[in-house]
Amino acid sequence: MSTPPVIRTLGLTREFAMGSTTVRALRGVDLVIARGEYVAIMGPSGSGKSTLMNLIGCLDTPTEGEYWLNGQPVADLSPDQLARIRNREIGFVFQSFNLLARASALRNVELPLIYGGVSPKERRERAAEALRQVDLVDRMDHRPNELSGGQRQRVSIARALVTQPALLLADEPTGNLDSKTSHEIMALFRHLSEQGNTIVLVTHERDIAEHARRVVTIRDGLVASDEAMVAAPPPPHAEGGAAAAGAPA
Amino acid sequence: MNLRRSLFATWEGTRLAFETLLANRMRSFLTVLGIFIGVLMVVAVASVLNGFRQSVVDQVEQFGTNNVYITRFPMMQIGRRTREQRLRRELTLEDAWAIRDLCPSVEMVSPVLDVPTFLKRASHGKEEIDSPILHGVFPNEVEVANRVVVEGRFFSDQENEHASPVVVLGFKSAEALFPSGSPIGKQVLIAGHEYTVVGTLEKRKDGPFGDDNREDSVFLAPFKTLQRYYPGEEDLFIAARCWPEQRDAALDEIVQVLRYRRRVRWNEDDNFDVGTADSLIASFDDIVFAALAVMFLLSTVGFMVGGVGVMNIMLVSVRERTREIGLRKAVGARRRDILGQFLIEAMVLCTIGGVIGLLVAEGLLQLVAMAMPRLHTETPLWARVFAFAGSGGVGLFFGLWPAWKAASLDPVEALRYE
């Protein structure tokens, strides 16, 4: 049995009505991402990469075109069905972390499991395990405002990992972080990729994109280029970052 | 699986609601003030009215639930008497005996002659009572009105037939005229006539506001004695004790007899009033019900004001937490999860307001009870249920629109919201 690609899109088109005119943000994107790939989607602002990310993340539905996520067609699903898909198949990492301010790290990580109908006991165990993966077990009971920026982003990565999704979708995950912390986070992503997670990273920064093994560039709503990075050895600074994070604590 | 999921989501929503409430204590308090006041009013008024009603019921039932009372004028009437009422003939002793003789369901009849003693007084030595209540009765009044003699005896048939100047004192009358020592065998002067005290009566239940029961201030003298002393007085109150289980039959018989005797035409209304403990309580309940209805209406205003406040604050809350809603949707919350979360929050908010209102009301009633120990209050169960369910219902109703707005947010835009 061959495993289907995690993402397969065919002529993905998304139009927005802006008053009387129609803006075509995406004009037919064909993209295939296989299991275990680590892909960066690049593009300047206004290129349509955010729209593509929303479609890939099942937060939005295409005007035209087909999209199979992990083998299931999702282009025509209802909002509630999409919510279910997001819960099971996708882990989001946002630029601004989007953590619940009044909840502890543990409860933030538990959140997707609540909507997945997981029992409180199992929720706690799995959330603690996810926090262990990002090396934050000892910060489990801290609230976001008691954590540093890098720690917050690691909490949100743990939240994305906790459902064991088919796809980890990160939208400018280092946009709010200083360069040192950025490298730590990128090292973490590489580490997760090496463990077999499929990762899609949306960014406009070239040096961040270069951490990935494949870079897809979007321009004017179309795929402008699709290049494989040197798979082995990885770029020297990324290697250094990975090594630094490879032996954390 | 789906039920489990809903259960977890509901629990999470409730927990979240309490956290949000605690995080915005002052705001939450001000929001539910209207509901708090509404519930406070309902519960306080309902408790006082209910206690009031209960003591009226106790008093009326103390006379016996198997009695029929007959009066010339309506027993409960708001407003002035009509011309027809003012022209009514008196109820006579013959009427009373006709009821006794012609109504098979009636066991015995106690006619009561109420002698006007306005501005007169009853006295023993230096002790005095103004405007005493002087009733002429037959010896069977003891049984019909459930009176209990605690000291001495009731007067006898012979004393009645011979129009002896004897009297039985109500509890208060005895206390007032004989603050120390037994009254039995002593003389009292009532409106210029001298009587010998032969007995005293047990205390009756207190009045609705802890006031004295009028029945404790009576002077009961033989009917025929008062007939001799007050030959012009003919207006009677008649109490009829019915055979067990035959009160309704007795009621019909009495009405028939009196309509015949008082020459009421078939198409005219009764020119007298008959009542039972039940009918007295029922007509009193009409008054209680009217008062409750008015109070409900007023508390509805509180609920409306409170509800609009809750709606307003929930709309603010939805706006403040747009990104949170976006995030929840991104990690898998469905429309109904978000809807449920905000509905629960509105309901928890309102229910807490209602429950605090209930607790404060009960606390206040306790304080009042301490200050006025004889005031009878009793919070009825329905008032508690109302405080709980009513306030929750307000939350549900007024939370619906904000919650629906939250549930309808587009996840992409909600996540982008600043």
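Helix H5 (residues 93-102) of chain B packs against helix H10 (residues 247-261) of chain B at an angle of about 135°, with the axes 10 Å apart. Axes here are lines fitted to C-alpha atoms, for helices over the stretch in contact, and angles run from 0 to 180 degrees between N-to-C directions. This is a predicted model, where local features need pLDDT of at least 70 and side-chain atom pairs count only at pLDDT 80 or more, while totals for chains, interfaces and linings use all residues. Residues are numbered from 1 along each chain as its sequence is written, and chains are lettered from A and ligands numbered from 1 in the order in which they are written.

**H5 against H10**
- H5(B) brings Asp95(B), Ala98(B), Ile99(B) and Leu102(B) to the contact, and H10(B) brings Ile254(B), Val257(B), Leu258(B) and Arg261(B); contact means C-beta atoms, placed from the backbone, within 7 Å.
- Sorted by type, the residues of this contact are 6 nonpolar, no polar and 2 charged (Ala, Val, Leu, Ile, Met, Phe, Trp, Tyr, Cys and Pro count as nonpolar, Asp, Glu, Lys and Arg as charged, the others, Gly among them, as polar).

**More on H10**
- H10(B) has 15 residues and spans 21 Å from first C-alpha to last, close to the 21 Å expected at 1.5 Å a residue (1.5 Å times one less than the number of residues).
- Helices (H or I, at least four residues) and strands (E, at least two) are DSSP runs, numbered from the N terminus.
- Its buried residues are Arg247(B), Ala250(B), Leu251(B), Glu253(B), Ile254(B) and Leu258(B) of H10(B) (buried is 20 or more other C-beta atoms within 10 Å, exposed 12 or fewer, partly exposed in between, with C-beta atoms placed from the backbone).
- Their cover includes H5 and strands S1 (67-71), S2 (106-115), S11 (236-242) and S12 (273-276) of chain B.
- Just past H10(B), Arg263(B) has a positive phi of about 55°.

**Where B meets A**
- Chain B puts 21 residues into the contact and chain A puts in 19.
- On the chain B side, H1(B) gives the largest share, 7 residues.
- That side of chain B splits into 10 nonpolar, 1 polar and 10 charged residues.

**Asn50**
- Asn50(B) sits in helix H3 (residues 33-62) of chain B and counts as buried because it has 20 C-beta neighbours inside 10 Å.
- Beyond its neighbours within four places in sequence, Asn50(B) touches Glu378(B) and Pro380(B).

How values were computed: Two residues are in contact if their C-beta atoms, placed from the backbone, lie within 7 Å.
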